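Let's take a walk through this fold, strand by strand. Have the sequence and the model side by side as you read.

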Amino acid sequence: MRIKVDLESDALYFRLSEDKIEGSEEVANGVVVDYGKTGKVVGVEILNLKDKFTLEELSKLNVELPTLTTK
């Protein structure tokens, strides 16, 4: 999984899988979902980022990972 903030393009992209993108759909104003061949979500892009978040908010981007336990 990769997260990319591109201030030049004014977009935030969550790449969930390295599968080839076969199609895209704007599911909400400024939110585009990319799909793979089987319909699996491959990525999510948020456009017009500067209208939605401040640079301070983006600089505090935090990823919460699940705790893995072994038995």
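Which residue in β2 does I3 stand opposite? That would be F14. Keep in mind that this is a predicted model.

Five strands make up an open sheet, in the order β1-β2-β5-β4-β3 and with antiparallel pairing. The edges belong to β1 (2-6) and β3 (23-28); each has a single partner strand, so one side of each lacks a neighbour in the sheet. On average, neighbouring strands are turned by 20° against each other, direction ignored.

| Strand pair | Sense | Bridges | Residues facing each other |
|---|---|---|---|
| β1 and β2 | antiparallel | five | I3 and F14 |
| β2 and β5 (41-47) | antiparallel | five | F14 and V44 |
| β3 and β4 (31-35) | antiparallel | five | A28 and V31 |

So much for the pairs; β1 and β2 also form a hairpin, with four residues between them. In that turn, D10 has a positive phi of about 60°. As for β2 (residues 11-15), four of its five residues are buried, so the strand is largely enclosed by the rest of the structure.

D34 sits in strand β4, and D34 is buried yet has no salt bridge. The nearest side chain of opposite charge is R15, 5.6 Å away. What D34 does have is a polar contact of 2.7 Å between its side chain and that of Y13. Setting aside neighbours within four places in sequence, D34 is in contact with Y13, I21, G23, S24, K40, V41, V42 and G43.

Notes
Residues numbered from 1 in each chain as written. Predicted model: local features only at pLDDT ≥ 70, side-chain atom pairs only at ≥ 80, totals over all residues. Heavy atoms only, no water. Pairing = 2+ DSSP bridges. Helix = DSSP H or I, 4+ residues; strand = E, 2+ residues; numbered from the N terminus. Axes fitted to C-alpha atoms, helices over the stretch in contact; angles between N-to-C directions. Buried < 20%, exposed > 50% of the residue type's maximum accessible area, 1.4 Å probe, protein only. Lys, Arg positive; Asp, Glu negative; His and termini not counted. Salt bridge = Lys/Arg side-chain N within 4 Å of Asp/Glu carboxyl O. Polar contact = N/O pair within 3.5 Å; in protein donor to acceptor, adjacent residues only side chain to side chain. Contact = heavy atoms within 4.5 Å.
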